[in-house]
Structure formats: structure tokens, C-alpha cells
Amino acid sequence: MTPSDVKATLSFSDGSPSIDLPLYSGSIGPDVIDIRKLYAQTGKFTYDPGFLSTASCQSAITYIDGDKGELLYRGSPIAQIAPPCDFLEVCHLLLKGELPNEKQKADFSSLVMHHTMVNEQMQFFLRGFRRDAHPMAVMTGLVGALSAFYHDSTDIHNAAHREIAAIRLIAKMPTLVSMAYKYGTGQPYIYPRNNLSYSANFMRMMFATPCEEYEPNDVLVRAIDRIFILHADHEQNASTSTVRLCGSSGTNPFAAIAAGVACLWGPAHGGANEAALNMLEEIQRNGGVEKIGDFIKQVKDKNSSVKLMGFGHRVYKNYDPRAKLMRETCHEVLEALGLHDDPLFKLAMSLEKIALEDDYFVSRKLYPNVDFYSGIVQRALGIPVSLFTAIFALARTVGWIAQLNEMIGDPEYKIGRPRQLFVGAARRDVTPVAQR
Ligand code: CMC
């Protein structure tokens with residue numbers, strides 16, 4: 001943070017003394033006003049539910065310019081990363097700040113791929129769940145349970161523990177997601193195969209069975225790898241902020257990441273691709289393309305709570321750059337699988353066209369986000385809708401852990417403790433039960 005010569009002056013209309021607040025500049029993006037001493041100096045808090053104007057930390061990992069539709073991982077634009085890098089290169093970039101050279105890439109991949117197995121007890125832990133449990137319910141439990149299995153990496157203040165916990169989490173998430181999937185279908189678990197790439201191994205654990213090998217298909221493996229890359233980090237979104245807040249108490253990394261998984265589950269965040277696909281299926285059931293007009297009318301009706309899922313973003317008010325890349329992948333996968341005439345895909349394309357031209361969406365700067373297309377891609381890959389958010393969690397784990405480790409290393413970090421504007425009853429004496 002670079003202190004600025006400019007100061008912000010806060011004055012009050014009731015004659016209370018005004019105060020100067022320091023300003024800091026980052027390397028790019030808006031300056032911030034430092035209000036840390038505001039309460040001590042004025043006895044007042046700021047009020048910003050939803051953090052619309054509040055920077056909760058300083059970070060050097062991911063930068064988003066919502067107006068320009070720009071996403072940078074450690075300074076590199078996502079469109080320069082998604083082709084040619086693979087997901088593990090992106091993990092290296094996010095965790096360590098630089099893309100790996102060839103040797104670093106081989107070493108890092110080997111390290112991650114030699115931590116893919118989970119403790120065999122995990123299978124018995126999984127058995128406690130109902131077979132029809134939502135995969136995100138299962139994932140929240142499994143990720144939290146890792147802290148019960150890896151006691152040598154639970155001290156968040158120990159750099160070696162943080163490093164090995166990061167590798168373990170990145171390596172084991174595909175194994176856990178595929179186990180959650182297999183458990184739900186009643187198929188046996190498929191153990192990881194470490195000589196495959198990260199993404200090919202995941203596809204194999206998902207789709208092989210003991211009686212039939214899975215032959216990785218390059219287009220499909222590249223598609224899942226791109227989904228992982230595009231979801232790897234997204235600065236201080238709800239789940240990442242949850243991980244930071246949870247980790248700020250000094251809890252272990254597995255518990256903090258489990259909190260991120262729980263937050264991601266919600267339909268306004270990671271659950272959006274599942275919600276988008278459910279929405280498409282519902283429109284399809286109710287008459288398909290013919291009924292898009294009626295559906296859009298409902299979306300625009302102030303009295304209905306219907307939203308066009310997969311559209312809109314808190315930060316991107318121009319275009320989601322991840323959506324552009326996911327849209328490309330969507331076409332590539334449907335082409336490779338001969339699914340271009342798929343009715344649901346056709347419906348999605350009609351909906352996209354209508355919404356992009358409709359004044360309601362245009363005037364509110366509501367564009368398709370990455371989840372609008374990633375749901376269609378995952379469905380084409382054979383991934384069940386209920387697993388979509390778990391795949392997002394798998395991909396975002398590297399971002400969560402990079403952000404968590406960055407926070408722990410920040411000398412300015414404190415336990416997160418927001419304040420409130422209290423609007424409940426002021427002091428009231430307790431009435432004895434007989435008189436209430
Ligand atoms: N469909 C219809 N109207 C919408 C939508 C939508 N998807 N999104 C926003 N609006 C309207 C909203 O009703 C409001 O209208 P008005 O000004 O008339 O009251 C206006 O647009 C501004 O909306 P907002 O609620 O202030 O926007 P926000 O920044 O708080 O919400 C959002 C962002 C992502 C929660 C919201 O756009 C949404 O719920 N979208 C659908 C869910 C979705 O696709 N989420 C995935 C986000 S991308 C994944 C990720 O990065 O986590």
C-alpha cells in the first residue's frame with residue numbers, strides 16, 4: 001500500500017470536529033480510505049452491508065476490473081492464461097506468484113499428484129451420509145474432516161504446515177468430489193492414477209468403473225481443465241471472504257476451506273450454474289423456446305422473485321471475461337460430442353440472444369456470467385447437475401488457500417470482527433414469567 005498525499009476529510013453537519021483520513025493507492029484499481037481509526041476518533045462506525053464500498057484486505061493475487069471486464073491472476077489476463085496454461089500451472093501461479101518454468105512445473109505436478117490419495121478411513125466416513133445427500137453437503141463434511149486425518153498440517157501459523165495443507169487440499173479435492181459422486185450413484189470408488197494429468201485423472205475417477213476403463217478424450221479433459229482455471233480465484237468474493245474470516249481466528253486450513261465450501265453452495269454464488277441449468281430444464285419442461293417470452297416477463301416482474309440465473313455479477317458490469325472463454329469451450333465440447341442440436345443448448349442460445357437485446361438486461365448491465373455456460377459444458381461432459389458446485393469448489397480451493405496463506409503472512413491481519421448498527425430494543429427489564 002502506498003500512502004497518498006491526498007487526504008479524505010470527513011466533516012459533520014452538527015459542528016463536530018472534522019477529521020482527516022489517510023488514503024492509500026494499490027498498483028491498479030480504486031484508492032482506499034483508511035477508516036481504521038474512525039471509531040477511536042469519532043465514536044462512529046461505517047455502515048456497508050454487503051461490502052459494496054469496503055476493501056476488507058490488501059491482496060496481490062487476483063485483480064478484477066468490473067467495468068472493463070478484466071480478470072488478472074497475479075497480473076496476467078485470464079485470456080492469456082486459459083490457453084496455453086494448464087490448471088496446475090495456474091495453481092503454481094496463484095500460490096507462488098509466478099508461472100512455473102519446465103522443471104518447476106514437473107516438480108509441482110509430481111508433488112500434487114503424489115498427494116491424490118485420501119486416508120482409507122474417508123470411505124467409512126462417507127458411508128455415514130445418505131446416498132441421496134447433496135454433494136455439497138457431503139463435500140462440506142469431507143473437507144472439514146480432513147483436519148481429523150492430517151494432524152501434521154493443521155497449524156495455520158506454521159509455514160510448513162500451510163504449504164503441505166495447500167498441496168493436500170489441491171491434490172485431494174478431485175478424489176473427494178469423485179468419491180462423493182460415486183457414493184451417490186452406488187458405484188465403487190476409483191483410486192487416483194498419478195501418471196495422468198490432474199484433469200484427466202479427475203475424469204477417470206469420475207467415469208471409469210472397475211469393469212470399464214475410461215479413455216481420456218483431449219477435448220473433454222481440456223474443457224474440465226478450463227473450468228478449473230476459470231474458477232480458480234476471483235478476489236474477495238463471498239466464499240473467499242468467508243475463508244479469510246474463518247481463518248482469521250487461527251483455525252486450521254481444512255476447517256477454513258470447509259467454511260468456503262459451505263458459503264459457495266448458495267445459489268447467488270457457486271450454486272448459480274446448477275440453478276442456471278435447473279432453470280433451463282424448467283423452461284424446457286414448460287414449453288421450451290416458445291415460452292422464453294413468458295419467462296422473461298416473469299423475470300422482469302418486480303413482484304416475482306424469479307431471476308435469470310447465470311446472468312449478472314456483483315463486480316462485472318460490462319462482460320464477464322470468463323464467460324467469453326467458457327462460451328468458446330461450450331461450442332468446442334458440443335461440436336466434439338455432436339450435441340449442437342441438443343434442445344437445451346438451443347434453448348440456452350435463444351435465451352442468451354433475447355436477454356442480450358432486451359432493454360431490462362442491457363440497461364442494468366446484466367450479461368451472461370461464466371456459470372451460464374459452464375453448466376451446459378458440464379452437462380455435456382456427463383457431470384450431473386447436483387455436482388456442479390462441488391466442481392466449482394474443487395477449482396476454487398487453490399484460490400481460497402492462496403488467499404488464506406496471504407492473509408496469515410500479512411502483518412496487518414487481525415481477527416475479523418465487523419461491527420453493527422443496533423436497531424433492536426434498548427435496555428428492558430425482564431418481567432417475571434407470571435406477568436408476561
Ligand atoms: N435476473 C434478473 N434481474 C437481475 C439479475 C438477474 N440474474 N441480476 C440482477 N438483476 C437486477 C436486480 O433485480 C436489480 O434490478 P432493479 O435495479 O430494478 O432493482 C438490478 O439488476 C441490480 O441487481 P443487484 O441485486 O443490485 O445486483 P447485485 O450486484 O447485488 O447481484 C448477483 C449480483 C450475481 C447476486 C445477481 O446478478 C444474481 O443473483 N444473478 C443470478 C445468480 C448468478 O448467476 N450468480 C452467479 C454469479 S457469477 C459466479 C461467481 O463469481 O460467484
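Colleague: How many residues does the largest nonpolar core have, and which have the most contacts inside it?

Modeller: This is a predicted model, and in it the largest nonpolar core has 118 residues. Tyr73, Met139 and Leu351 are those with the most contacts inside this core.

Colleague: Which helix gives the largest share of this core?

Modeller: Helix α18, residues 388–408, gives the largest share, with 14 residues. In general, nonpolar side chains in soluble globular proteins tend to be buried together.

Colleague: What does Met139 touch?

Modeller: Leaving out residues up to four places away in sequence, Met139 touches Met173, Leu176, Val177, Ala180, Val261 and Ala390.

Colleague: Which residues does the second, separate core include?

Modeller: That second core has 5 residues, among them Ala8, Leu21, Leu23 and Leu38.

Colleague: Let us turn to Ile170. Where is Ile170 found, and is Ile170 buried or exposed?

Modeller: Ile170 is found in helix α7, which covers residues 159–185. Its relative accessibility is 2%, and the cut-off for buried is under 20%, so Ile170 counts as buried.

Colleague: What surrounds Ile170, then? Which residues does Ile170 touch?

Modeller: Not counting residues up to four places away in sequence, Ile170 touches Leu88, Cys91, Leu95, Val112, Tyr198, Thr397 and Val398.

Colleague: Tyr198 is in that list. Where is Tyr198 found, and is Tyr198 buried or exposed?

Modeller: Tyr198 is found in helix α8, residues 198–207. With a relative accessible area of 5%, Tyr198 is buried.

Colleague: With which residues is Tyr198 in contact?

Modeller: Apart from neighbours within four places in sequence, Tyr198 is in contact with Phe87, Leu88, Val112, Met113, Ile170, Pro174, Phe228 and Leu394. Leu88 and Val112 are also among the residues that Ile170 touches.

Colleague: A change of topic: the backbone. Which residues does a cis peptide bond join?

Modeller: A cis peptide bond joins Pro83 and Pro84, with omega at about 15 degrees. Pro84 lies in the loop between α2 (78–81) and α3 (87–96).

Colleague: What is the phi of Phe51, and where is Phe51 found?

Modeller: Phe51 is not a glycine, yet its phi is positive, at about 55 degrees. Phe51 is found in the loop between α1 (38–42) and β4 (62–65). At 52% relative accessibility, Phe51 counts as exposed.

Colleague: And what about Glu235: what is its phi, and where is its place?

Modeller: Glu235, also not a glycine, has a positive phi of about 40 degrees. Its place is in the loop between α9 (218–230) and α10 (238–247). Glu235 is partly exposed, with a relative accessible area of 22%.

Colleague: Let us finish with the whole chain. How many helices and strands are there?

Modeller: The chain has 18 helices and 6 strands. Its radius of gyration is 24 Å, close to the 22 Å that the globule rule gives for 436 residues, so the chain is as compact as a globular protein of that length.

Colleague: What share of the residues counts as buried?

Modeller: Of the 436 residues, 46% count as buried. The accessible surface of the chain comes to about 21800 Å², and 52% of this belongs to carbon and sulfur atoms.

Colleague: One last point: how far apart are the mean positions of the positive and negative charges?

Modeller: The chain has 44 positive and 47 negative charges, and their mean positions are 6 Å apart.

Technical notes: Residues are numbered from 1 along each chain as its sequence is written. This is a predicted model: local features need pLDDT of at least 70, side-chain atom pairs count only at pLDDT 80 or more; totals for chains, interfaces and linings use all residues. Side-chain values use heavy atoms; hydrogens and water are left out. Helices (H or I, at least four residues) and strands (E, at least two) are DSSP runs, numbered from the N terminus. The radius of gyration is taken over C-alpha atoms; the globule rule is 2.2 Å times the number of residues to the power 0.38. Buried means under 20% relative accessible area, exposed over 50%, partly exposed in between (1.4 Å probe, protein chains only). Accessible areas come from the Shrake-Rupley method with a 1.4 Å probe; for residues, only the protein chains shown count as cover. Lys and Arg count as positive and Asp and Glu as negative; His and the chain ends are not counted. The place of a charge is taken as NZ of Lys, CZ of Arg, CG of Asp or CD of Glu. A nonpolar core is a set of buried Ala, Val, Leu, Ile, Met, Phe, Trp, Tyr and Cys residues joined through side-chain atoms within 4.5 Å. Contact means heavy atoms within 4.5 Å.
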